[in-house]
Amino acid sequence: MQHNRIKIFLVDDDALFLKLLEIEFLQETDFDIKTFSSGELCLDNLSYHPDVVILDYLLAGIDKTAMNGIETLDKIKSLKSDIQVVMLSAQDKIDVAVSCMHHGAFDYVVKSETAFLRLQKIILNILKTKKTESELKWYMERM
Amino acid sequence: MKNAEIKSPQYARSLIEASLDPLVTISTMGKITDMNEALTNLTGISREQLIGTDFKDYFTDSRKARKVYKEVFAKGFVIDSPLTMRDSKSTDVLFNGSVYKDGRGKVLGAVVVARDITERKRIERQLIEARVFAELAASMAELAKTKAEGATRYAESAMKAKQQFLSNMSHEIRTPMNAIIGFTKVVLKTDLSAEQKEYLIAIKMSGDSLIVLIDDILDLAKVDAGKMSFEKTPFRMTTSLAVMLKLFQTKIQEKNIEIVSEYDIDIPGVLMGDAMRLHQIFINLISNAVKFTNEGKITVCARLLSEDAEHATIEFSVTDTGIGISKEKLGQVFENFQQATSGTSRLYGGTGLGLAIVKQLVELQGGTITVKSEVDKGSTFSFNLNFQKTNGEAELEVELIELDKEIKNIKVLVVEDIPLNQLLMKTLLDDFGFERDVAANGKIAIEKLKAGSYDIILMDLQMPEMNGFVATDYIRNTMQSKIPIIALTADVTTVDLEKCKAVGMNDYISKPVDERILYSKMMALVKKPAPEVKKARDKNSNEVKTSTRCIDLGSLSQRTRKDPSLMKEMILLYLDQTPTLIHAMKQSFNDKDWNGLHMAAHTLIPSFSIMGIHVDFENMAKKIQEYAIAQRQAEGMDEIVLQLENICLQACKELQEELKELKMQTYAT
């Protein structure tokens with residue numbers, strides 16, 4: 001159905017988790033995946049215009065001077081507000097989730113074995129929303 | 001435009017009349033005092049009749065209309081309030097109104113505009129309809145997709161079931177056939193009258209042809225399932241053809257026909273290809289030729305068609321002077337279960353699968369096959385195949401070593417559950433002059449191996465208690481023994497052969513066992529030291545190790561779909577990242593750097609489940625994270641940090657070993 005592959009950025013400083021996600025995404029053919037080990041690298045490549053960014057909440061687990069996930073999220077949203085961002089975190093905490101949503105994230109996923117499945121579902125939702133929005137825009141323009 | 005004109009009441013009036021939206025003025029009592037042309041058009045009632053009537057009466061919901069104009073007087077204005085006109089078309093309007101006052105600010109009445117929004121409503125409806133339709137179409141497409149996927153899955157599983165069924169049947173038939181053919185051979189060696197010998201030879205030949213039939217059916221099933229594979233190994237074409245022609249020697253002498261071979265000396269000495277499959281093609285074609293030829297000769301020919309730097313194309317042909325095939329039937333000879341005439345099968349035997357297989361074997365290797373024939377004169381089957389050239393040496397083919405009665409001090413362990421087969425193997429081995437011992441299953445075999453010493457094991461695969469795979473795995477990995485093991489298999493599907501190699505067996509023999517092949521293979525393994533078996537673990541590993549492993553790569557291997565190179569990458573990443581994190585965790589814990597501790601523990605958390613480490617440890621890391629966030633030291637925290645360090649170090653150690661094995665696997669594939 002969707003001929004263009006969905007461009008996705010995966011951003012995590014945890015190389016192990018990042019690789020696993022990448023492997024899992026690459027097994028599905030409809031995704032065009034780019035991985036980044038820091039928020040800075042992700043921002044440098046925003047010109048590539050991803051459809052979805054999957055962003056680790058912490059990002060400063062190893063390099064403590066690195067930009068954290070929320071800062072990266074804010075920056076993405078201020079530069080290109082139409083890019084949807086899904087936050088990932090090892091923390092299963094409501095307040096973390098709420099804060100992510102307040103900063104404009106599309107959704108929040110806890111790093112667990114089912115993370116990939118959840119992400120897949122969320123990406124489908126994002127695409128659905130996008131489609132409905134552009135459809136609506138099309139009709140509004142004609143009214 | 002001049003000011004005077006704007007102020008002119010006439011001018012204002014004409015503007016109002018020109019408006020397409022109905023305009024009305026109403027008194028504070030809700031009576032119509034004035035209107036424009038648009039209202040009279042919409043209601044279809046004249047100006048005179050409208051004046052002085054109740055404004056609310058012109059709407060379908062007059063109570064709501066009354067409320068709206070009351071609101072105008074109460075608030076001074078109202079914006080976009082939706083109402084429906086009581087006219088022939090029930091026009092939907094948006095109601096906008098505001099009060100007007102006299103010079104002293106006394107409210108005189110209200111001006112009301114009712115905007116006709118019929119068109120807008122129509123587009124809205126269309127939008128909704130279009131969207132519903134689009135959703136419907138999408139769900140229909142989704143449904144069709146699911147159906148198609150279901151059908152594909154169904155077809156795949158049916159194909160698998162067929163393959164499995166044939167493989168099982170082949171096993172069930174081969175096992176008794178093994179005994180029939182084997183014992184017939186044994187009896188043939190005893191003193192017999194000429195008559196007895198003749199009958200026994202008939203039994204053996206019937207058995208042989210039954211085995212060929214089973215092989216043919218299995219081959220066709222493999223082609224159907226897309227599982228037919230071809231090897232690319234260097235082989236010597238001349239030897240290959242000569243060996244094969246030798247097989248027909250006796251038959252040809254019996255029938256008093258001649259076999260001639262014409263071999264083009266320009267054909268490169270060593271070529272890359274599947275010699276076994278080439279044999280199979282030739283055996284089918286030549287045995288056909290022999291079957292249908294009663295006098296004259298059979299010519300087997302190999303000719304170099306073309307050659308470039310990398311490849312050589314060779315044309316092979318088999319020509320006979322037999323009964324031939326009529327023109328009408330010529331087109332069908334390559335179809336399954338077809339013989340030229342239905343009568344021939346009764347006269348000459350055979351199932352008609354041979355040529356179908358030949359065609360598949362040739363075409364799957366990118367070649368073509370053709371047939372020319374004339375009734376009563378003979379037939380020519382020719383096919384061409386493309387081979388890769390090589391500088392390498394041909395692999396040593398299993399030469400049939402003549403029984404050498406000198407080598408007798410070989411001790412063989414036969415692992416086989418079926419008594420008939422046990423007896424047959426005993427007879428064969430006795431004939432070779434070998435010492436032998438029999439174990440009825442893998443468990444007994446291992447006990448015997450521990451108690452005594454053997455030179456070689458012949459291992460059946462399917463046995464009760466402990467099968468051949470498990471037994472071999474135990475012998476290789478737990479006992480650390482490199483004793484040569486030959487698998488005895490009745491099940492010749494490729495899957496099982498891979499499994500044999502994977503658990504560390506050296507070779508295999510398919511039943512019914514050909515004693516010359518058995519002897520050759522045994523001698524080849526016993527004479528030279530057994531080659532290093534790839535699965536054998538080095539150094540001082542012991543049995544306990546497997547049971548206390550902290551990692552479990554089941555989930556990882558599932559998520560990487562068993563791709564060894566991806567698994568390797570993941571393990572390397574873990575080995576690279578984890579020691580750093582452990583160090584950071586310890587360091588920040590000692591320095592009471594809560595933030596650092598939080599970060600380190602946080603990053604560590606997902607790795608436990610990835611490597612299949614027990615969830616307890618993941619929870620410990622989570623606990624550390626919580627304490628770190630709360631910025632306080634809790635009792636037992638140092639103990640947890642220590643435990644995490646230990647488990648991660650152990651995981652690293654185990655993963656190092658896993659990595660070594662994966663490397664071997666990737667080399668092997």
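Student: Why does K592(B) count as partly exposed?
Tutor: This is a predicted model, and in it K592(B) has a relative accessibility of 47%. K592(B) is found in the loop between α21 and α22 (594-610) of chain B.

Student: What is phi of K592(B) near?
Tutor: Phi of K592(B) is near 55°, a positive value in a residue that is not glycine. Q480(B), too, has phi near 55° and is a residue other than glycine. Q480(B) is placed in the loop between α16 (468-478) and β16 (485-489) of chain B. At 31% relative accessibility, Q480(B) counts as partly exposed.

Student: Why is D56(A) called buried?
Tutor: The relative accessible area of D56(A) is 1%. Buried means under 20%, and therefore D56(A) is buried. D56(A) belongs to strand β3 (residues 52-56) of chain A.

Student: What makes the pair D56(A) and K111(A) a salt bridge?
Tutor: The N to O distance between the two side chains is 3.3 Å. A salt bridge requires a side-chain nitrogen of Lys or Arg within 4 Å of a carboxyl oxygen of Asp or Glu, so D56(A) and K111(A) qualify. D56(A) lies in strand β3 of chain A and K111(A) in the loop between β5 (107-110) and α5 (115-142), so the pair ties together parts that are 55 residues apart in sequence. K111(A) has a relative accessible area of 5% and is buried.

Student: Which backbone atom does the side chain of D56(A) reach?
Tutor: The side chain of D56(A) reaches the backbone nitrogen of L59(A) at 3.1 Å. The limit for a polar contact is 3.5 Å between N or O atoms. The side chain of D56(A) also makes a polar contact with the side chain of K111(A), at 3.3 Å.

Student: How many salt bridges does a search of the whole structure find?
Tutor: Over all chains, the search finds 25 salt bridges. One of chain B joins E17(B) to R47(B), with the closest N and O atoms 3.1 Å apart. This pair links distant parts of the chain, with E17(B) in helix α2 (residues 9-18) and R47(B) in helix α4 (residues 47-50) of chain B, 30 residues apart. E17(B) is partly exposed at 22% relative accessibility, and R47(B) is partly exposed at 23%.

Student: Why are K359(B) and E363(B) said to be separated by about one helical turn?
Tutor: K359(B) and E363(B) are 4 residues apart in helix α13 (residues 354-364) of chain B, and therefore about one helical turn separates them. The two form a salt bridge whose closest N and O atoms are 3.3 Å apart. K359(B) is partly exposed, with a relative accessible area of 27%, and E363(B) is partly exposed at 38%.

Student: Which residues are joined into one network by salt bridges that share partners?
Tutor: The network consists of R13(B), E17(B), D34(B), E37(B) and R47(B).

Student: Which residues form the positive surface patch?
Tutor: R63(B), K64(B), K67(B), K121(B) and R125(B) form it. Helices α5 (62-75) and α6 (118-188) of chain B each supply at least two of the patch residues, and the largest share, 3 residues, comes from α5(B).

Student: Why does K67(B) count as exposed?
Tutor: K67(B) has a relative accessibility of 64%. Exposed means over 50%, so the label applies to K67(B). K67(B) lies in helix α5 of chain B.

Student: Which residues form the negative surface patch?
Tutor: E40(A), D44(A), D63(A), E71(A) and D74(A) make up the negative patch. Helices α2 (39-44) and α3 (69-79) of chain A each supply at least two of its residues.

Student: How do you know that E40(A) is partly exposed?
Tutor: Its relative accessibility is 32%. E40(A) is found in helix α2 of chain A.

Definitions and conventions: Residues numbered from 1 in each chain as written. Chains lettered and ligands numbered in written order. Predicted model: local features only at pLDDT ≥ 70, side-chain atom pairs only at ≥ 80, totals over all residues. Heavy atoms only, no water. Patch = residues over 30% accessible without salt bridge, like charges linked within 9 Å, V, L, I, M, F, W, Y side chains within 5 Å. Areas by Shrake-Rupley, 256 points an atom, 1.4 Å probe, with all protein chains shown as cover. Lys, Arg positive; Asp, Glu negative; His and termini not counted. Charge placed at Lys NZ, Arg CZ, Asp CG, Glu CD. Buried < 20%, exposed > 50% of the residue type's maximum accessible area, 1.4 Å probe, protein only. Polar contact = N/O pair within 3.5 Å; in protein donor to acceptor, adjacent residues only side chain to side chain.
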